[in-house]
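Please open the model in your viewer and keep the sequence panel beside it.

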Amino acid sequence: MVSLYVGNKETTNKNRLGVEGLLMLNQLLMKSKVLQFLDTQSMVIGDEEITNLCPGLKTNQTLIYLNISNNEFSSKSIEILSRALRQT
């Protein structure tokens with residue numbers, strides 16, 4: 001799988017994977033040797049969820065596109081994500 005779209009283009013309904021779903025997505029990021037595109041648009045990702053996704057973002061070596069638009073990021077979420085992406 002080179003591309004994974006788990007987001008939602010509609011702004012009225014958002015996908016809610018929750019903490020457990022994002023932990024599974026994190027595992028995919030950590031193990032995948034081919035995933036290049038990940039779209040998590042409109043998934044209700046906040047502080048707790050982004051923390052669970054960051055280990056996979058840190059270790060993944062193939063991802064070249066990440067769409068995180070229209071989520072519920074606070075300044076804390078952005079700081080956590082920024083730190084993770086700088087470590088890649």
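Predicted model: local features only at pLDDT ≥ 70, side-chain atom pairs only at ≥ 80, totals over all residues.

Residues are numbered from 1 along each chain as its sequence is written, and side-chain values use heavy atoms, with hydrogens and water left out.

**The whole chain**

Begin with a cartoon view of the protein chain, where you will find three helices and three strands (DSSP runs, H or I of at least four residues for helices and E of at least two for strands, numbered from the N terminus). Followed along the sequence, these elements come in the pattern β-α-β-α-β-α. The radius of gyration of the protein chain, taken over C-alpha atoms, is 12 Å, close to the 12 Å that the globule rule gives for 88 residues, so the chain is as compact as a globular protein of that length; the rule itself is 2.2 Å times the number of residues to the power 0.38.

Then colour the chain by accessibility: buried residues make up 39% of the 88 residues, where buried means under 20% relative accessible area, exposed over 50% and partly exposed in between, with a 1.4 Å probe and protein chains only.

**Thr40**

Select Thr40, which sits in the loop between strand S2 (37-39) and helix H2 (47-59). Is Thr40 buried or exposed? Thr40 is buried, and its relative accessible area is 0%. Setting aside residues up to four places away in sequence, Thr40 touches a set of residues that includes Val6, Gly7, Leu25, Asn67 and Ile68.

**Ile68**

Move on to Ile68, in the loop between strand S3 (65-67) and H3. Its relative accessibility of 24% makes Ile68 partly exposed. Beyond neighbours within four places in sequence, Ile68 is in contact with Thr40, Phe73 and Leu81.

**Leu53**

Now select Leu53, in helix H2, which is buried at a relative accessible area of 2%. Apart from neighbours within four places in sequence, Leu53 is in contact with Leu22, Leu25, Asn26 and Leu29. Between Leu53 and Ala84, 31 residues apart in sequence, the C-alpha to C-alpha distance is 9.4 Å.

For the last stop, turn to charge. Side chains of opposite charge can pair when their charged atoms come close. How many salt bridges does a search of the whole structure find? The search finds one, a salt bridge being a side-chain nitrogen of Lys or Arg within 4 Å of a carboxyl oxygen of Asp or Glu. To see this kind of pairing, select Arg83 and Glu79, which form a salt bridge with their closest N and O atoms 2.9 Å apart. Both residues lie in helix H3 (residues 75-86), four residues apart, about one turn of the helix. Arg83 is partly exposed, at a relative accessible area of 40%, and Glu79 is also partly exposed, at 47%.

Terms used
Contact = heavy atoms within 4.5 Å.
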